[in-house]
Amino acid sequence: MITAKGISRQAPLWRQALASAIRDPAELLRELNLDPKLLSAAQTAATSFPLRAPRGFVARMHSGDPNDPLLQQVLPLAAELEPALGFTVDPLDEQATQAAPGVLHKYPGRALLIVTGACAVHCRYCFRREFPYAENQASKNAWRPALTYLAGDSSLREVILSGGDPLALSDQRLSELLTALDRIPHLERVRIHSRMPVVLPERVDDGLLTTLARTRLQRVVVIHANHPHEIDETVGAALQQLSASGATLLNQTVLLRGINDDPETLTALSEILFTARVLPYYLHLLDPVRGAAHFAVKENAALAIMEGLRQRLPGYLVPRLVREQPGRLAKTPVESL
Ligand SMILES: *Cc1c(COP(=O)(O)O)cnc(C)c1O
Ligand code: SF4
């Protein structure tokens, strides 16, 4: 990278890992020795929401297995193109909850700031797969109105950085944002919702740890892992470092048909996350976003899975089963039929 002063500087390693993610369905199939017959559907489905999978994440998939639980999260399929009743482009009506550009303020005491539309991975079930980020993010020159809004509401205790993936921001930009939040006296906590520690653990480097250590705010990092195979040694080490830096680590999971919809898989996930100092937070019922209906798990099946988790795990390793409903004051617990 050439800076303005003409000094050549190496881009951080995570930037290189991000840039070299697999985006071509043909390459993904070749890499995993999969049937080329899958290609044409993958190419078609990728036109509305492109494929994106970091190489380190792909390396955790099993070669030759089209049903690999990590592959299923990223491989575009023909099923995405089938219309399904009740599955829409903006299922949470987020367009309607914008308090200021890039600010979603739905719940008391905490507001969510969309700081970027970029993600290191494209998850096929994502509820924001068709969200018009360009219009809704608090972008480089437009953080000011969002910060003014946050500063003006003294009932806020916590700001949630979200996206996209907020750790797609450079350390410099993240640092500027944290500094601005630091100066808002009523804020006590900053929460970062990021899938990067799992899908691109290179992101957890000295630059990030230093940046996070500088804020006066308490830090919570909510990662997103759906299957125990996502947590290999490298990811485990990255999580341990984040934890050692003073952040509280929580995980959210989306309940996905054919990927993690059984108590054994989710038990193994909670166990392996805890070894990396992460506690389970939410288990989300799928948001009904267009193109993701084939991932849906029925509510009664989800409740049976929860019962299975309670039998197998100590209470602190059991996530809360929730769904999001437009207009509610918090995520809605799913507790009985
Ligand atoms: C999920 C979410 C939050 C955070 O909710 P918690 O229950 O505190 O995790 C805040 N704002 C919005 C808009 C959300 O979607
Ligand atoms: S990382 Fe999160 S925001 Fe990005 S595609 Fe996956 S689920 Fe969606």
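How exposed is R277, in terms of relative accessibility? At 44% relative accessibility, R277 counts as partly exposed, where buried means under 20% relative accessible area, exposed over 50%, and partly exposed in between (1.4 Å probe, protein chains only). The tour returns to this residue after a view of the whole.

This is a predicted model, in which local features need pLDDT of at least 70 and side-chain atom pairs count only at pLDDT 80 or more, while totals for chains, interfaces and linings use all residues. Residues are numbered from 1 along each chain as its sequence is written, and side-chain values use heavy atoms, with hydrogens and water left out.

**The whole protein**

Begin with a cartoon of the protein, which shows 13 helices and 10 strands; these are DSSP runs numbered from the N terminus, helices being H or I of at least four residues and strands E of at least two. The radius of gyration is 20 Å, close to the 20 Å that the globule rule gives for 337 residues, so the protein is as compact as a globular protein of that length. That radius is taken over C-alpha atoms, and the rule is 2.2 Å times the number of residues to the power 0.38. Along the principal axes, the C-alpha trace spans about 55 × 50 × 40 Å.

Of the 337 residues, 53% are buried. Among contacts (heavy atoms within 4.5 Å) with a separation of 6 or more, residues 24 or more positions apart account for 80%.

**Helix α12 and what follows**

Select residues 263-275, helix α12, whose 13 residues reach 18 Å from first C-alpha to last. This is close to the 18 Å expected at 1.5 Å a residue, the expected span being 1.5 Å times one less than the number of residues. Next, display the side chains of P263, T265, L266, T267, L269, S270 and L273, which are buried in α12. The buried residues of this helix pack against β6 (218-224), β7 (248-254), β8 (279-284) and α13 (299-312).

Move on to R277, in the loop between α12 and β8. Its phi is near 70°, a positive value in a residue other than glycine. Most residues other than glycine have a negative phi, and most peptide bonds are trans.

Now select V278, in the loop between α12 and β8. At 0% relative accessibility, V278 counts as buried. Not counting residues up to four places away in sequence, V278 touches I223, L239, L249, L250, N251 and L273.

Turn to N33, in the loop between α2 (25-31) and α3. N33 has a positive phi of about 55° although it is not a glycine, and with a relative accessible area of 58% it is exposed.

Then centre on A45 in helix α3 (residues 39-46). A45 is buried, with a relative accessible area of 0%. Leaving aside neighbours within four places in sequence, A45 is in contact with P76, L77, E80, L81 and R124. A45 and H105 are 32 Å apart, C-alpha to C-alpha, and 60 residues apart in sequence.

**A cis peptide**

Finish at G164, in the loop between β4 (158-162) and α8 (171-182). The peptide bond from G163 to G164 is cis, with omega near 15°.

Technical notes
Chains are lettered from A and ligands numbered from 1 in the order in which they are written.
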